[in-house]
Amino acid sequence: MLAVIGAMVVITWQHGKNRALIQLLENSRTQDVNHIDKIFDLEQENADLMDDVLRLELDNAVLNDSINKLNK
């Protein structure tokens, strides 16, 4: 009888542990999706910033040429 009660306790504990682990797994999956979305957002922001840098470098080159022409 004691063995049956002990087995029921262990089964109940294992079931609770399993449910907790399933919840942790679902939370991890949700976090993974959020992180992937954030990575894509950051990649797009990086591309936009790189375009701005290239435009500013071109503007800077044009201004330097204009200054050099004025100084001659």
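Biologist: Is E26 buried, exposed or partly exposed?

Modeller: E26 is partly exposed, with a relative accessible area of 38%. Buried means under 20% relative accessible area, exposed over 50%, and partly exposed in between, with a 1.4 Å probe and protein chains only. This is a predicted model, so local features need pLDDT of at least 70 and side-chain atom pairs count only at pLDDT 80 or more, while totals for chains, interfaces and linings use all residues. Residues are numbered from 1 along each chain as its sequence is written, and side-chain values use heavy atoms, with hydrogens and water left out.

Biologist: Which residue forms a salt bridge with E26?

Modeller: R29 does, with the closest N and O atoms 3.1 Å apart. A salt bridge is a side-chain nitrogen of Lys or Arg within 4 Å of a carboxyl oxygen of Asp or Glu. R29 and E26 both lie in helix α1, three residues apart, about one turn of the helix. Helices (H or I, at least four residues) and strands (E, at least two) are DSSP runs, numbered from the N terminus.

Biologist: How many salt bridges does the structure hold?

Modeller: Two. R55 forms a salt bridge with D59, and their closest N and O atoms are 3.5 Å apart. R55 and D59 are four residues apart in helix α1, so about one helical turn separates them.

Biologist: New topic. Where is E45 found?

Modeller: In helix α1, which covers residues 2-71. E45 and A7 are 38 residues apart in sequence and 56 Å apart in space, C-alpha to C-alpha.
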